[in-house]
Amino acid sequence: MSTTRLPVLKGTLDLLVLRALSWTPMHGFEIVSWLERAASSALDLDDSALYQAVYRLEARGLLEAEWGVTENNRRARYYKLTAAGRTYLRNETKNWMQYAETVTTILTAAKDGQPSTSPAT
Amino acid sequence: MIRGGIQRAFKLALRRRDRWQEDVEEEIKLHLTLRAEQLMAQGSPPNDAYSEAVRRFGPLTESRARMIDAARYREQRMQRTEYLGQLKQDLSFAWRTLGRQKAWAAITVFTLALGIGATTAVFSVVSNLILHAISYPHADRVVLIQQQPSQGNNTGLRVAITPQTRAVIGWRDRAHSFETMEPFRSMGLLLKTNDDPLPIRATEILPSFTDFTGTKPIVGRLFSKDEIANKSPVALLSEGIWQERYGSNRAIVGTSITIGDTSYTVIGVLPADLKLPGAGRDRTDIWLPLNLKNMNMGLSVVGRLRPGVTIPAATRELDKIAADVEAESKSTSQFVSLIKRPSELIDFRDSLMLLTGAVALVLLVACANVAHLLMARAASRERELAVRAALGAGQSRLFRQLLTESLVLAFAGAVGGIFLGWLGLKAIVALRPPQMVELNAVHLDGTTLGVAIVVGALSGVLFGVIGAFQAARRSPQDALKAGALSTSGARGHGRLRSLLVVSEMALSATLIIGATLLVRTVINLQRANLGFEPSHLYWVPVTLPEKAYKTPASRAAFYDELAARLKTTPHVRELAFVQVPPGSRSFSVGNFEIQGEGGSSQNSGTSFTDVNAIDEHYLKTMGIPIVEGTFFTDTSQAANQVIVNAAFAHSHWGPGGAIGKRVRVQYKGGPDVTWQTIVGVAADAQTTGAGIVSTAPYLYSPLGTPDTRATIMIRTDAPVDLAPTVRTLVKSIDRTIVPPKVESVEAYVARTVAKPRFTMALLTSFTLLGLLLAAVGLYGVMAYSVAQRTREIGIRIALGATQQTIANSVVRSGVVLALAGAGIGLGAAFYGTRLISKLLYGVAPLDLASFATGAIVLVATAVVACVVPTRRALAVDPIRAIRAD
C-alpha cells in the first residue's frame, strides 16, 4: 500500500466513474472498491464525493440506474453506461490523454523548449 | 392481512411522495454496511469498522442533501421525458384517427379556418381604421374640435365649421377640460419647380404640435417662437417630399424654396409618420409656422382631454367659453362645438360596423358548426370509446386523447385561418373603392388574429370535450350492447345539435336579409334618376394666380378666351361656368327665411343652406330642366333673382306656388341680407351622387365673372380625353397657370356607388359564407339523423312505406329546422335592419321583398342540404337495416 494519497483533479472523477462502469453495471460500493483497487488506494477521496459524481452523471443522462439484488441478496442500485455516457467517456479519455501528454511534455522540457529526458527542476 | 394492507398503502403513498429521498437513504445505508463488512473482513473490530466506514464516507448530512437534490432533478427530468413521450403518442394517435376520417377533418378545419380568417380580415380593418385611428400618445383622449350650426347639421353630410382663431385662443387660454389643444390649418399651395409648378399640401402648425403628436424632426429643427412672432418665412419638409423631390439630401436644410410667391428657408424635415388627425386627409408635404395673430381664419383643432373628462362636459365648457369670447367682442356665437373622436370621422365607419357584425355572425355560425361536427363525431365514437374504456384505458387518458384531437384540429384551423385572413385582407384592399385611401395602410392585426384563434380553438375544445363527456357518461355496457347505437342514440345530443342548426339558420337568415337590402340599395343607386345627364360630361377646375388676376376684367379676359377656344375644340357641344362643381357643395350659413313666414319655430337659429352660382349655359349643359317659371331674366345684383330646387318648392308651397316668393339666408347678428325673388324652379339634380335627395332649399343665383377659382362644365358628343387639349389651351393663354385636371362626371357618379357596392360585395360574400356553413351544418345533422334512423326507415319500408313518404319525412324534419331558424332570423332582422338604415337607398329597412328573400333562400338551401341524406334514406335496404346491429 502506498503512503502518499493523490487528491483527485476536478472533473476527472466523472471520467473515472464512467471508466469503472465501462465493462459491467455496478452498484455504488462496487464502483468505490474498483477505483480503490485500480488506483491501489492512491486517491484521496471521500466515498460521498463518488456518490455525488454518480448522481450528477445520472442526472446528465450519461448513466442510468436500476434497482437490483446483490450476491448477498441485498437491494442495491445498479448503474450502467448509457450510449451517451459511452461516447462521452471515449471523447473525454482522448482529451485527457492529450492534455496529460502535453502537460508532461511541457513539464519535462529543457530551458530552450526542446523536449528533454531529464525532469525539470 | 388488514394491517399488512394498510401498511402497504401507507408505504406506497410515502414512496410516491419521497421516493428519491428514500432511495438515497437506502443507498447510503447499504454503502456503509458493505464498507464496514469489508473492514471487518480485513480484521477491524465491528464497532471501529462502522465508525471508520462513516468517516470514509465524508460529510454525511451535506452529501445526503446534495444527493437528494440531484435525485429530485433526475426524477423531474424523467417525468418530463415520459410526459413528452405520451404527448407524442397522443399527437400521433390523433393524427391517425383524424386521417381515418379525412373528409370530416377537412370540413372541420376548413370551417374553423373560414370563421377565423373572415373575422381576422374584417376586424383587422376595424382595428386599424377605428380602434387605432390615430397614433398620437394617449390616443384614447385625443379628440377633434369643430363647430356646427346651432340648429344642427341638416345636410346629411359630414359638414363642420372650423372654429375661428378668436374662439380657439379663448379655449386654449381658459378651457380646463383639455390638457392641450393644437390648432392647425391645411391648404393647397404651389411649389415652384423647374417644370410646372407642383401642387402641394401645406399645413401650418404651432411648434408644440410635434410634442402633441410625439414626433421630432428627423433632420434640422423646429420653428422657434421668435420665428413665429416675426412671421419668418421658414418651412419644414415632410419626409415624403424630401425623399421624392430632394433625394433625401440633408444639405437641403438652410436652402430656400419658393411656395406660391414667397421664398421660404428650409429648417428641417419632419417624419412621414407625423399625420394629421382625421383619416383620409391628404398627406402634408410642407409644414409651415401657424400665426395666431390673424384673427379671421378658421382653424382645425385637435386636443387631448384631461383624464376622466367626458365629451359632453368638454362641449359645454367650450360653448360657454366661445359665448364669453363673442360677448367680449359684442357679438353672439352662432355655433356650438362638435367634439369628435378621430375614429368617428372615418368615412366608412357605418359600413365597417355592419361588416363587423356580419363577420361576427359568420364566426358564430362557424363555431356552431364545429361544435356539432365534434359532437356528431363523439356520438359516433361512443362505441369505440366504450371498447377502449372496457379494455382499461383510464378516463383521464381517454379525455386527454380527445382533447389532443380537438387541439390538433384547432391548430390546423388556426393556421388555415391566418392564411385565409391574410388572403381576405388582400382581397378587401384590392377591391376597395379608389377613394378609400385609408384602406391601403391596413395590415393583419395580431391581437385580432389571437382573439379569433382563441375563440375558434375554444369552441373546438369546448365542444370536443362536451362530446367526450356525453360519450363517457354512458356506461361501457350500454354502449356495447348489440344494437344500442342504432336504436337509442343520444337524445340529448340530437336536441343540442338541432338547436345549434336552428341558430345557424337564424344567423344566416339575418345575414341574407341584410345582404338583400344592400343589393337592392346598390341597384337602386345605379338606376337612380340623377336629374341630370352624366354621360360625356366633364368638369375642369381652374385656379388662377391671385396676384395676376386681381381684377374682374383680367379674369373675364382669360375665361372668355379659354371658353371661346374650348368651344371650337372637336367633340365639345356645350360649355358652362359654375361655382360649385358636381361632387361638391357650398353652403350659406345662417337662418333660411321666407318673407312673410317669419313666425315658424325653425327660423331662430343657424343652419346650412345649399347655394350655387351658375351662368346662363349651366342648366342646359347639365340637362337640368326648369320646371316652373323662367331662367334669370336679370342677372344684375340689384335684381336679386334666385332659382330654387323643385323638391323644396313643391314640398313647401306645392306645385306652382314658389314663383314670386322671396327668400334669404340671414346670419344672426350680421348685416341685413336683401330678399331674393324666386323666378324659377329647377328640377332636382343629385349632383353629389345618387341617393342624396333632400327637400331642403337649394338656391341657384347668377354667376358674374368667376373668381380666381372657377369650374368649367363641358359636354361632348362622345367620350374623349380632354386633358391634353385643355392643358395646351391653358398654357398657350398663360404659362404661369397650373394646367387643370379634367374630371369625368360619369366616373364620379360611378365612384359614389363604389362604396355601397363594396360594402354590398363584402356583406354578400359573408352571407354566402354563413349560408354555406349553415347548409353544411344542416346536412351534418340530417345525415346523422338518417344514419341513426336506418333501422326505423328499414322497418317502415318493409311495412310498405312509399319512397314519397320516406323522402317527405326526411325533408320535413330539415325544413322544420330551417323554418324555425328563419322565424328567429326574421325576428332578429326586424330589429337589426334599422341599424343599417343609413346605408340604404330606395328600400325600407323592413322591406317585405328582402325579408321574403331571406326566408325563401334559407328554406331552399335547407332543401338542397337534405338531398343527399334523403337519397341515403331511400337507398336503405330494409333487410340489411333490420338485420345489422
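Before going on, some ground rules. This is a predicted model, where local features need pLDDT of at least 70 and side-chain atom pairs count only at pLDDT 80 or more, while totals for chains, interfaces and linings use all residues. Residues are numbered from 1 along each chain as its sequence is written, chains are lettered from A and ligands numbered from 1 in the order in which they are written, and side-chain values use heavy atoms, with hydrogens and water left out.

Back to B:Ser351. This serine is found in helix α10 of chain B, residues 349-380. Helices (H or I, at least four residues) and strands (E, at least two) are DSSP runs, numbered from the N terminus. B:Ser351 counts as buried because its relative accessibility is 7%; buried means under 20% relative accessible area, exposed over 50%, and partly exposed in between, with a 1.4 Å probe and protein chains only. Leaving aside residues up to four places away in sequence, B:Ser351 touches B:Thr759 and B:Leu839, where contact means heavy atoms within 4.5 Å.

Now chain A. Its secondary structure comes to 4 helices and 5 strands, and along the sequence the pattern reads β-α-β-α-β-α-β-β-α. Chain A has 121 residues, of which 36% count as buried. Of the contacts in chain A with a separation of 6 or more, 51% are between residues 24 or more positions apart.

Two strands pair if DSSP finds at least two bridges between them; β2(A) and β5 of chain A, residues 75-81, have 2. In β5(A), A:Tyr79 is the bridge partner of A:Met26.

The loop between β4 and β5 of chain A holds A:Thr70. A:Thr70 counts as buried because its relative accessibility is 12%. Residues up to four places away in sequence aside, A:Thr70 touches A:His27, A:Ala76 and A:Tyr78.

Last, the interface. The contact takes 24 residues from chain B and 21 residues from chain A. B:Glu27, B:Leu30 and B:Arg74 supply 27% of the area that chain B buries against chain A, more than any other three residues. Buried area is the accessible area (1.4 Å probe) that two parts lose on being put together, summed over both. Between chain B and chain A that area is about 2,200 Å², and carbon and sulfur atoms give 53% of it.

How many salt bridges are there between chain B and chain A? The count is 6, a salt bridge being a side-chain nitrogen of Lys or Arg within 4 Å of a carboxyl oxygen of Asp or Glu. One salt bridge joins A:Glu36 and B:Arg56, whose closest N and O atoms are 4.0 Å apart. On the side of chain B that touches chain A, the largest share, 12 residues, comes from α1(B).
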